[in-house]
Amino acid sequence: MKPVHPRFSAARFHAGSYSLRLAVTMLLSALSLQLLSGCEGPPPNATGANPPAAATESGLVRLTAEKIKSAGIEVQPLTRGEFRTFRDFPGTIEPNEHALAEITTLVRGRVIDVYADLGREVKGGTLLALLYSSELGMAQSAYLKATAKLNVADRAFRRAELLLKEKVIGVAELQRREGEMISLRAEQRETRDRLLILGLTDEDLRNLDRNHTIRSHVPVVAPFDGRIIARNLTKGEVVETTEKLFVVADLSEVWVTAKIPEKDIPYIQADLEGEGQAVEVHVTAYPGQIFQGRITYVGDVLDPATRTMRLRLELSNPERKLKPSMYATVRVYSEPQPETLLIPETAVQRDRDRQFVFVQREPGIFEVRDVQLGESNGKQVKVFGGVQEQEAVVVKGSYVLKSELFGSQI
């Protein structure tokens with residue numbers, strides 16, 4: 001037998017060793033894959049498991065009956081109807097100035113007593129306060145003195161007329177006495193007019209002429225039925241003619257003033273010869289309650305600084321709920337547009353510049369539709385295209401369909 005060279009024996013040994021290691025490595029890899037596959041189990045739906053609750057394809061969303069019920073999805077057909085938009089404007093409640101009195105005194109005086117308090121309901125003629133005025137007493141005294149002098153001068157003139165007929169006095173004396181009488185008559189009229197300015201009536205003057213009793217007390221009375229909404233005097237203080245003692249207002253009817261931006265002036269009807277345009281008023285104090293009023297004044301000139309027009313309306317306030325200085329929202333509606341295709345605002349979904357709705361093609365299948373919309377009044381919106389009358393549109397729960405649609409596209 002021919003001997004083998006040592007170099008060739010080593011080469012064969014190394015080749016056999018490498019083949020063995022490769023085979024072992026492949027065997028271990030195969031065993032690892034089998035073990036992992038056994039732990040993870042079969043893939044989803046590999047054995048015909050239940051399908052997912054929702055699926056979409058080419059703009060369609062499919063939902064099971066259970067998912068529709070849990071999402072609260074409601075569908076209704078599109079119809080035509082009357083459409084009106086509105087605009088809201090901030091306003092302020094104010095007293096009706098035709099039934100508002102700011103009571104002052106016509107003569108300087110000291111407050112003796114106050115009989116009416118803030119918030120009290122008063123009747124016309126009710127005594128509110130009593131003042132003492134030395135100025136009024138002095139004016140009455142001057143009137144009585146002027147009246148007495150006039151009486152003396154009048155009798156002297158009449159006596160002079162008789163004496164002139166008897167030729168006891170001359171014409172010059174008669175004219176002198178006549179001049180005195182005319183001068184005193186003017187003085188007496190002046191003092192009388194001053195008493196009328198200070199608040200005395202003709203009946204008061206007749207009593208003064210008859211009784212010659214000077215009255216220095218000045219009553220402050222309510223001019224009409226209403227509520228005292230301001231009181232600015234206390235017992236013992238001295239008040240001037242420029243001071244506002246009481247404010248009496250009849251709040252059974254109030255005003256609301258608002259400022260309308262120039263662009264919204266077309267919503268206001270300027271024809272006020274009839275009853276005036278009807279509007280709604282909302283106040284924060286009574287959420288959900290609507291107060292009905294009518295426009296009674298529309299400004300003729302815009303405010304150059306704010307570019308707004310002044311508006312005033314009247315509101316009935318029998319329960320006195322509306323208080324002066326309350327903030328209000330004036331809602332003015334546009335003219336109605338009949339036979340307009342409308343869709344509820346809750347049916348419309350938006351994504352960037354896209355507006356769309358979901359139309360039910362058959363139970364459980366909903367189609368997404370891009371729509372062209374017009375004005376909205378907060379509840380309904382005008383539809384110009386994308387859907388047809390009587391098509392069944394999702395009006396409630398459409399956000400769930402939107403989530404399913406966009407979730408499947410991620």
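A: The side chains of Gln-349 and Ser-398 are joined by a polar contact of 2.8 Å, where a polar contact is a pair of N or O atoms within 3.5 Å and, within protein, one atom must be able to donate a hydrogen and the other to accept it, residues adjacent in sequence counting only if both atoms are side-chain atoms. The model is predicted, so local features need pLDDT of at least 70 and side-chain atom pairs count only at pLDDT 80 or more, whereas totals for chains, interfaces and linings use all residues. Residues are numbered from 1 along each chain as its sequence is written, and side-chain values use heavy atoms, with hydrogens and water left out.

Gln-349 belongs to strand S20, residues 349-351; helices (H or I, at least four residues) and strands (E, at least two) are DSSP runs numbered from the N terminus. With a relative accessible area of 10%, Gln-349 is buried, the classes being buried under 20%, exposed over 50% and partly exposed in between, for a 1.4 Å probe and protein chains only. Once residues up to four places away in sequence are set aside, Gln-349 touches Arg-354, Gln-355, Phe-356, Ser-398, Tyr-399 and Lys-402, contact meaning heavy atoms within 4.5 Å.

Charged pairs come next. The structure holds 25 salt bridges, each a side-chain nitrogen of Lys or Arg within 4 Å of a carboxyl oxygen of Asp or Glu. Arg-369 takes part in two of the pairings described here: with Glu-367, where the closest N and O atoms are 3.4 Å apart, and with Glu-391, where they are 3.0 Å apart. Since Arg-369 lies in strand S22 (residues 365-370) and Glu-391 in the loop between strand S24 (380-385) and strand S25 (392-396), this second pair ties together parts that are 22 residues apart in sequence. Arg-369 and Glu-391 are both buried. Elsewhere, salt bridges with shared partners link Glu-173, Arg-176, Arg-177 and Glu-180 into one network.

The pair Arg-206 and Glu-203 has its closest N and O atoms 2.8 Å apart, and both residues sit in helix H5 (residues 202-211), 3 residues apart, about one turn of the helix. Arg-206 is partly exposed at 45% relative accessible area, and Glu-203 is likewise partly exposed, at 40%.

The loop that holds Glu-391 is also the place of Gln-390, between S24 and S25. Gln-390 has a positive phi of about 75 degrees although it is not a glycine. Most residues other than glycine have a negative phi. Arg-320 also has a positive phi, near 60 degrees; this residue is found in the loop between strand S17 (308-316) and strand S18 (327-333) and counts as partly exposed at 24% relative accessibility.

S4 and strand S19 (residues 337-344) run antiparallel and are joined by 4 bridges, and Thr-79 stands opposite Leu-342 in S19.

Last come the nonpolar cores, each a set of buried Ala, Val, Leu, Ile, Met, Phe, Trp, Tyr and Cys residues joined through side-chain atoms within 4.5 Å. The largest has 28 residues, and Leu-128, Leu-195, Val-220 and Phe-246 touch the most other members. Among the elements that each supply at least two residues of this core are strand S9 (127-132), helix H3 (134-165), H5 and strand S13 (246-249). H3 gives the most, with 4 residues. A second, separate core of 25 residues includes Val-256, Met-309, Leu-311 and Leu-313.

Terms used: Pairing = 2+ DSSP bridges.
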